[in-house]
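Please read the following points with the coordinates open beside them.

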Amino acid sequence: MSGFAEVSFKGTRRGYFRFDALELSPGDSVIVQSDRGEDLGRVTALGSIAERKCSSSGGCATPTPSLRVIRRAGTEEVARARHKADDERRARLETREHVARHGLKMKVTETEWQFDRKKLIIYFTAEKRVDFRALVRDLARAFRTRIELKQIGVRDEAALLGGVGRCGRELCCSTWLPELRPVSLQLAKDQSLSLNPAQISGCCGRLMCCLMYEHQSYVEARRRFPREGRKIRTGLGYERVISVNIFTETITLRSDDGQQRVVTVAELKEEMATRKGS
């Protein structure tokens with residue numbers, strides 16, 4: 001069997017590969033070609049699904065990836081990959097020592113050994129551009145391998161490190177969320193949420209990804225209600241819409257003389273229809 005596969009690695013790193021004469025399923029551990037070596041990852045999508053994800057993420061420079069899946073990983077190879085964690089922890093601590101010695105303003109978040117140990121990927125965050133050329137040379141001498149320094153954002157950092165959100169569950173970005181999409185303050189406004197950053201921000205300090213999950217439902221539900229602040233003609237004359245509640249399907253109205261009342265959507269539509277017909 002031949003085809004197209006999406007393969008995920010540590011954190012949010014992923015790649016797209018072709019494969020020939022292999023029977024693969026999502027969840028399989030595989031050995032893939034990498035830049036000057038081999039790496040071990042897990043199949044997360046196959047066929048047309050992988051192709052669509054590749055196109056939408058901009059991960060496909062060409063219709064057919066140049067790198068390929070070499071084989072399914074053996075039991076011993078999977079076990080060896082699990083044991084990399086201790087070596088990566090030591091590499092992370094040593095890298096932080098080198099950064100401190102060079103006096104660079106960067107935070108080393110995580111390290112990742114390529115499966116064949118021919119490359120060490122170092123993830124870091126920094127507020128400004130960092131000149132790390134001298135650091136790379138020192139790290140290459142210390143670890144005797146190729147070094148790739150990869151600057152990431154705070155949301156990517158949260159996805160790498162993991163954690164628990166205010167909902168009490170593990171962070172979506174580090175467990176199941178396939179990609180990190182931009183989240184705007186407009187999402188909170190559309191859902192009538194508090195605009196206090198402390199209440200709508202996640203562990204990373206940015207707006208919570210879950211603000212997107214129900215946004216479309218809120219937008220569609222609010223189409224049935226008049227806009228807040230609008231003045232409408234009801235059975236009692238002209239009244240201003242003070243607030244709406246999409247859960248109870250009620251609308252709070254206030255007349256020019258300050259009288260306030262609450263009506264349902266159905267009641268308001270009936271009043272407006274009656275007023276229009278009279």
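1. Which residue of β8 does Lys119 stand opposite? Lys119 stands opposite Arg146. The model is a predicted one, in which local features need pLDDT of at least 70 and side-chain atom pairs count only at pLDDT 80 or more, while totals for chains, interfaces and linings use all residues. Residues are numbered from 1 along each chain as its sequence is written, and side-chain values use heavy atoms, with hydrogens and water left out.

2. The open sheet is made of three strands in the order β6-β7-β8, with mixed pairing, where strands are DSSP runs of E of at least two residues, helices are runs of H or I of at least four, and both are numbered from the N terminus. Two strands count as paired if DSSP finds at least two bridges between them; β7 and β8 pair in the parallel sense over six bridges. The edge strands, each pairing on one side only, are β6 and β8, and from one strand to the next the twist averages 25°.

3. Helix α3 lies across β6 and β7 and runs at about 140° to β6. Helix α5 (residues 154–161) also packs on the sheet, where it touches β6 and β7, and its direction makes about 50° with that of β6. For these angles, axes are lines fitted to C-alpha atoms, for helices over the stretch in contact, and values run from 0 to 180 degrees between N-to-C directions; contact means heavy atoms within 4.5 Å.

4. Leaving aside residues up to four places away in sequence, the contacts of Leu120 include Ala91, Trp113, Phe143 and Ile147.

5. If a disulfide is taken as a pair of cysteine sulfur atoms within 2.5 Å, the count is zero. The sulfur of Cys204 is too far for a bond, because the closest cysteine sulfur, in Cys209, is 6.6 Å away. Cys210 is likewise in no disulfide, the nearest cysteine sulfur being that of Cys172 at 6.3 Å. On the accessibility scale (buried under 20% relative accessible area, exposed over 50%, partly exposed in between, with a 1.4 Å probe and protein chains only), Cys204 is partly exposed at 21% and Cys210 is partly exposed at 37%.
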